Amino acid sequence: MIRVAFKILLHDTAKYLALVMGIAFATLLISQQSAIFHSVMESSTRDIIEANEADIWVMKPSVETVDQPDQMAELTVNRVRSTPGVEWAVPYYQAIAQLRTSDGRTKSVTLIGVDDSSLVAAPHKVLLGSLDDLRRPDAIILDAAGFAAIFPDVPPRTGDIVEIGQRRAEIVGISHTGPSWTGLPRVHTRRSLAVEYARETLNPVTYVLARAAPGRSPDEVAKEIAKATGLQAHSRAGFKAKSQEWVLNFSGVAENFGITILMGVVIGVAIVGQTFYMFSVENLRQFAALKAIGVSNRRILGMISTQALFVSCVGYCLGIGVASLFFALFSPQLTGGLRGMFMDPAIFIGTGIFIVLVTLLSCVISVRRVLTVDPAVVFRS
Amino acid sequence: MPGVVCEQVAIEFPTAAGPLKVLKGVDFQAPAGQMTMLVGPSGCGKTTLISIIAGLLRGATGSVSVFGREVTSLSGSELVPFRLTNIGFIFQQYNLLAGLNAAENAAVPLVASGTPWPTALQKAGALLDKLGLGNHISKLPRQLSGGQQQRVAIARALVHEPRLLLCDEPTAALDGKSGQAVMSLLRELAVHPERAAIVVTHDPRVYAFADRVAHMEDGLLLKVEEGKTAALAGAH
């Protein structure tokens with residue numbers, strides 16, 4: 001009877017397409033908005049994501065999110081290094097600074113000072129120049145989107161001389177990083193230079209990045225660091241979660257995206273549910289005829305479930321395909337708001353499960369009408 | 001051989017004005033090997049009676065036996081396979097599945113009872129050929145005339161060789177000529193020594209095809225005419 005189910009489904013092309021397009025639209029709306037929300041949340045912890053060599057972040061107890069660091073004495077690094085279970089620890093500095101171009105234009109930038117000797121937390125993808133160039137005097141690496149913002153209409157290049165904190169800086173490399181929460185250009189340099197650019201006098205650090213010794217859990221070691229130093233210490237994942245929680249609580253992003261995603265869900269449920277319900281109800285007489293002939297309710301349930309699963313799969317594939325195409329076209333760009341945005345596999349799977357569940361739910365609702373229809377209705381003209 | 005035997009069948013439906021007695025104790029028989037017509041004015045209870053015989057309508061009192069099986073005592077889950085195996089239906093509005101072609105529509109009862117599609121289609125095709133639709137087996141219902149659709153419905157009703165054929169106003173939606181042709185084919189193919197055929201109609205032009213004509217009125221069976229008398233009943 002599965003063949004009969006498919007014939008009933010595919011016979012009315014207009015209704016079939018309406019079902020598929022409704023499901024595809026709902027899939028597109030839900031998956032795309034969820035992916036953008038997820039990407040925005042990821043951007044709020046860009047520094048943690050980029051510095052993936054370290055699995056422990058140590059900071060002052062007052063720090064609530066990665067973008068609002070608090071300064072600590074440089075000696076803190078040694079205290080972390082001396083904690084049992086720590087393989088290595090390096091200083092990390094982060095601040096907002098003013099960059100001035102040779103023609104006098106200024107721009108706020110996120111200044112990231114990485115460890116002078118190991119260059120831990122330096123950008124991984126250097127498009128122009130090389131990471132070793134960062135060891136040169138006054139060397140900075142600027143991200144491609146930041147370069148485009150500072151030097152509009154100029155193709156990415158190295159060699160430009162700028163001022164940061166009234167001190168000379170030479171762009172020796174162009175990096176590619178994902179978007180950050182602040183949207184400011186990201187300038188990577190050695191920490192010793194960064195504190196000078198920020199006009200600091202006490203040679204501070206804002207974070208200590210550390211790695212747990214082999215066989216030790218970063219969470220456990222972080223607890224030991226916190227106990228030994230009186231500082232706040234988290235595993236990389238823990239600090240990422242803490243920072244994202246702060247963004248969710250204080251930025252309003254959760255409400256904004258939540259409403260959009262909820263609208264997607266409601267519209268999706270309405271479109272999918274109503275279209276499938278109408279489809280089943282309009283075929284009520286055909287199902288009644290089958291029941292009169294002697295087709296059991298169980299088989300009719302199987303037929304309708306097959307129809308629901310088939311249209312939800314086709315609609316889902318179409319919708320997720322368009323959403324994927326959207327990200328494939330726009331996210332690899334070096335500049336622009338969608339750079340680095342992506343669709344997490346969990347969103348693929350989650351949206352798929354949701355769409356199938358909604359379709360099956362509407363199938364259950366419409367099936368109630370079909371299963372309770374009086375087969376004697378076929379005797380009425 | 002007694003095909004269908006109804007004894008004191010009665011049923012009433014609740015209405016705003018109180019219970020409405022639609023059947024008031026009907027004694028009715030449809031022997032195997034004969035075509036029995038159930039005739040009478042609209043609302044007299046004909047369709048209700050065949051719905052009870054088919055097990056589609058429950059809650060009736062009295063006894064309904066179909067080839068020895070007491071239909072009123074069958075549970076809902078027993079009725080489904082009983083109908084699938086033993087009863088063929090022809091409806092006034094054909095009720096063909098719009099997405100299935102003629103052969104597929106005719107094959108539905110076989111497929112529903114587990115026959116593989118190729119075998120079912122072969123059997124349905126052969127029956128459609130007998131019904132003069134050999135050249136139309138791949139056509140969808142909307143591509144067929146009313147008479148042709150009703151012939152597909154006849155094929156669907158007979159393809160699984162049921163012991164009881166129930167036809168509800170099979171000619172009501174057809175013009176006179178098509179109706180006569182359909183009834184002629186129905187008579188030729190449906191009447192079988194081991195099958196009882198019940199045709200509900202109020203079209204006097206088709207009474208001549210009957211072996212027996214049972215007259216109903218106001219929920220009661222008034223009289224049964226048999227043999228040649230039945231053929232003349234059209235004069236009523």
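Biologist: Which strand order does the open sheet in chain B have?
Modeller: The order is E2-E1-E4-E5 in chain B, four strands with antiparallel pairing. Strands here are DSSP runs of E with at least two residues, helices are runs of H or I with at least four, and both are numbered from the N terminus. Two strands pair if DSSP finds at least two bridges between them. Keep in mind that this is a predicted model, where local features need pLDDT of at least 70, side-chain atom pairs count only at pLDDT 80 or more, and totals for chains, interfaces and linings use all residues. Residues are numbered from 1 along each chain as its sequence is written, while chains are lettered from A and ligands numbered from 1 in the order in which they are written.

Biologist: OK, and which strands stand at the edges?
Modeller: Strand E2 (20-30) and strand E5 (69-70) of chain B; each has a single partner strand, so one side of each is left without a neighbour in the sheet.

Biologist: How many bridges hold E1 and E4 of chain B?
Modeller: Five, in the antiparallel sense, between E1 (residues 4-13) and E4 (residues 61-66) of chain B. Ala10(B) stands opposite Thr61(B) in that pairing.

Biologist: What packs on the sheet?
Modeller: Helix H1 of chain B, residues 46-53, which touches E1, E2 and E4 of chain B. The direction of H1(B) makes about 115 degrees with that of E1(B). Angles run from 0 to 180 degrees between N-to-C directions, with axes as lines fitted to C-alpha atoms, for helices over the stretch in contact.

Biologist: How many residues of H1(B) are buried?
Modeller: Eight of the eight, so H1(B) is largely enclosed by the rest of the structure. Among them are Lys46(B), Leu49(B) and Ile53(B). Buried means 20 or more other C-beta atoms within 10 Å of the residue's own, exposed means 12 or fewer, and partly exposed is in between, with C-beta atoms placed from the backbone. Just after H1(B), Gly55(B) has a positive phi of about 80 degrees.

Biologist: Switching to chain A. What's in there?
Modeller: Chain A has twelve helices and ten strands. Its radius of gyration, taken over C-alpha atoms, is 29 Å, well over the 21 Å that the globule rule gives for 381 residues, so chain A is more spread out than a compact globule. That rule is 2.2 Å times the number of residues to the power 0.38. The C-alpha atoms fill a box of roughly 95 × 50 × 30 Å along the principal axes.

Biologist: How do H11 and H12 of chain A cross?
Modeller: The axes of H11 (residues 297-330) and H12 (residues 345-372) come within 9 Å and cross at roughly 145 degrees. By class, their contact has 16 nonpolar, seven polar and no charged residues. Ala, Val, Leu, Ile, Met, Phe, Trp, Tyr, Cys and Pro count as nonpolar, Asp, Glu, Lys and Arg as charged, and the others, Gly among them, as polar.

Biologist: Where's the hairpin in chain A?
Modeller: E2(A) and E3(A) form it, with five residues between them, and Gly104(A) in the turn has a positive phi of about 90 degrees.

Biologist: Last one: how many residues does each chain give to the contact?
Modeller: Chain A gives 20 and chain B gives 24, where contact means C-beta atoms, placed from the backbone, within 7 Å. On the chain A side, the largest share, six residues, comes from H1(A).

Methods. Contact = placed C-beta atoms within 7 Å.
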